[in-house]
There are 2 protein chains.
Amino acid sequence: MSELRNDRFLRALLRQPVDRTPVWMMRQAGRYLPEYRATRAEAGSFLDLCKNAELACEVTLQPLRRYPMDAAILFSDILTVPDALGLGLYFEEGEGPRFRKTVRSEQDLAGLASIRAEDDLGYVMNAVSTIRRALGGSVPLIGFSGSPWTLATYMVEGGSSKDFAHTKRMAYDQPQLMHDLLSLLADAVTDYLAAQVRAGAQALQIFDTWGGALSAAGYREFSLRYMRRIIEGLPREADGREVPVIVFTKGGGQWLEAIADSGADAVGIDWTTDIAAARARVGERVALQGNMDPAMLYASPARIREEVATILEGFGHGDGHVFNLGHGITPGVDPDHVTAFVDAVQEFSPQYHRPA
Amino acid sequence: MSELRNDRFLRALLRQPVDRTPVWMMRQAGRYLPEYRATRAEAGSFLDLCKNAELACEVTLQPLRRYPMDAAILFSDILTVPDALGLGLYFEEGEGPRFRKTVRSEQDLAGLASIRAEDDLGYVMNAVSTIRRALGGSVPLIGFSGSPWTLATYMVEGGSSKDFAHTKRMAYDQPQLMHDLLSLLADAVTDYLAAQVRAGAQALQIFDTWGGALSAAGYREFSLRYMRRIIEGLPREADGREVPVIVFTKGGGQWLEAIADSGADAVGIDWTTDIAAARARVGERVALQGNMDPAMLYASPARIREEVATILEGFGHGDGHVFNLGHGITPGVDPDHVTAFVDAVQEFSPQYHRPA
């Protein structure tokens, strides 16, 4: 493996000194880029793109050719694990993800396939190693998975949901069944993320997209607990370097202290949380990743620059900040606005860090 | 006007002693009730139902015939004000609200009608006085409005939205235009709520459904500020009694201290906020309303009772709690589960209050 030439993302996650605040964007390889849309059209469906290592590598690298991002992230979907478990993932245009089967009973649970990520999700590992090779040490590669709770919502509902009626009914009325499902998922995700590290991932992010739909007590019981179990089970080193783990619970701003106790190195925060307040609450224990409102990218470049400056000032002097959006970039954004965003982080952030 | 025979809802909002915790449910007059669906079918469209005082009164009273709720809430829509301003509200089945016109420029703003609620929203005032008369002093009547920010999101987007792209672009790039719109809305909502009080409303709730989509700073600038202005402008007494005001910002759990400073008597909290923590943060300043997860109503009656007990225990001994869901009840709920919910509040709550 090539020597890593830009490690400020990994260093910041471990709260080590950096020359400037590293930056990347959730969903940076995505539909706002015309070159992504072209490759996606070439691949066929979204899933075809995920399963083709060369094309998945191509779209992963596309944003890095345009912007000096400090990290690349594996191009894949959060629902690969439930798909491998036998639920039959498919996408209907404009409808979001769907599963052919759902998990709502003990029989459904018993019917799930037994999987080993290295074999049954080999296409993901192929993509990871292909991308890692193609990066050639330019920036680190982030691997990722959905959180058990987030995966469970899709598996129980059969797709996206507004109120999670079936999932919550299971959690409330059949907590043992829900815990059995979450436990199975925690094991599968641990295996999946560990395999990504062996294939070349240098940092990991757990996307807990729907943890914020739970009550405070429910979050601890059904989401956080299983993310903690995953983190405990992960290899924390590869190639002689630590492999930092980021937990991102969208809507989890009220629970930062608990998330910071999960064993994660870094906590992702969405834009509803004030980053200065977040740092005061947990910044001695974990790094923070975030947190510009993705909708700010619809504003003018001048306004975007102003917002970047405000967030950098909010975090303040010192290390332990990875700049990012508070959620994924949306398809309608002008790619030039991303230039303004990334340039502003590069330009304004060195003053907050001590010279090396 | 008849003497009010059950005032525990009004008393609790003012943190005065009560014999048990009062309870009502957001969207208690709604699609989960077969009698509501029948009246709605008779009325024609949803808007026809809102505009027919007799039928709006009928659906307002329906949940009170089934359940011993401690308050009634005007049956109406949060978008009546933008409709009166000339935007042309309509509903497409399963699609949510839509406007024929949007507000995205100074010209659009200048084109809005000048309204006086008593005349231009006379059908709402008719409904309020009809319902108040029909209640005959059994329980107090809550009037309501959407918050300026929440109304603005629909007016700028032309309907519901996932990411509020147009609204946020306006807020970020043309803050003066957004403030002009919000200012106009704050005046219209103040007039609207004051007219509801004159027509018979005994308490008021401001629904800030989308305040939680803003950043912490954006919430203060674009949402909270205008709710504070409304509260300052409202008549705070009618029939010799105080008219308490509740502010409910869905997703506002991180900002409770700021909301408690808005001048509101009570703060609505959604289910993601721990009610014990909320009381510790702001319970000396305001009453709290909430906060069971509406999805809990999908669970068994036994589980619902358990959750009610947990929330009552979380708030603890003393006054200043109005039991409610953390958001509106959803259409798929079994009406018998609501019985379990309301009965549990009645049964378990007296122990937390001093005997009169």
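## Helix packing in chain A

In this predicted model, helix 15 of chain A passes helix 16 of chain A in a right-handed crossing. Helix 15 spans residues 301-315 and helix 16 spans residues 335-348 of chain A. Their axes come within 9 Å and cross at roughly 35°.

From helix 15 of chain A, the residues that take part are Pro301(A), Ile304(A), Arg305(A), Val308(A), Ala309(A) and Leu312(A). They meet His337(A), Ala340(A), Phe341(A), Ala344(A), Val345(A) and Phe348(A) in helix 16 of chain A. Sorted by class, this helix-to-helix contact has 10 nonpolar residues, one polar and one charged.

## Contact between the chains

Chain A and chain B each give 26 residues to the contact. On the side of chain B that touches chain A, the largest share comes from helix 10 of chain B (residues 165-173), with five residues. By class, that side of chain B has nine nonpolar, 10 polar and seven charged residues.

Of the interface residues of chain B, 100% are also interface residues in chain A, so the copies meet through the same surface.

## Symmetry of the two copies

Chain B is superposed on chain A by a rotation of 180° with 0.0 Å of shift along the axis, at an RMSD of 0.0 Å. The two copies are therefore related as by a two-fold rotation axis. Within chain B, the C-alpha nearest this axis belongs to Gln254(B), at 3.0 Å from it.

Definitions and conventions. Residues numbered from 1 in each chain as written. Chains lettered and ligands numbered in written order. Predicted model: local features only at pLDDT ≥ 70, side-chain atom pairs only at ≥ 80, totals over all residues. Contact = placed C-beta atoms within 7 Å. Helix = DSSP H or I, 4+ residues; strand = E, 2+ residues; numbered from the N terminus. Nonpolar A, V, L, I, M, F, W, Y, C, P; charged D, E, K, R; others polar. Least-squares fit on C-alpha atoms with pLDDT ≥ 70 in both. Axes fitted to C-alpha atoms, helices over the stretch in contact; angles between N-to-C directions. Left-handed = near helix turned anticlockwise from the far one by under 90°.
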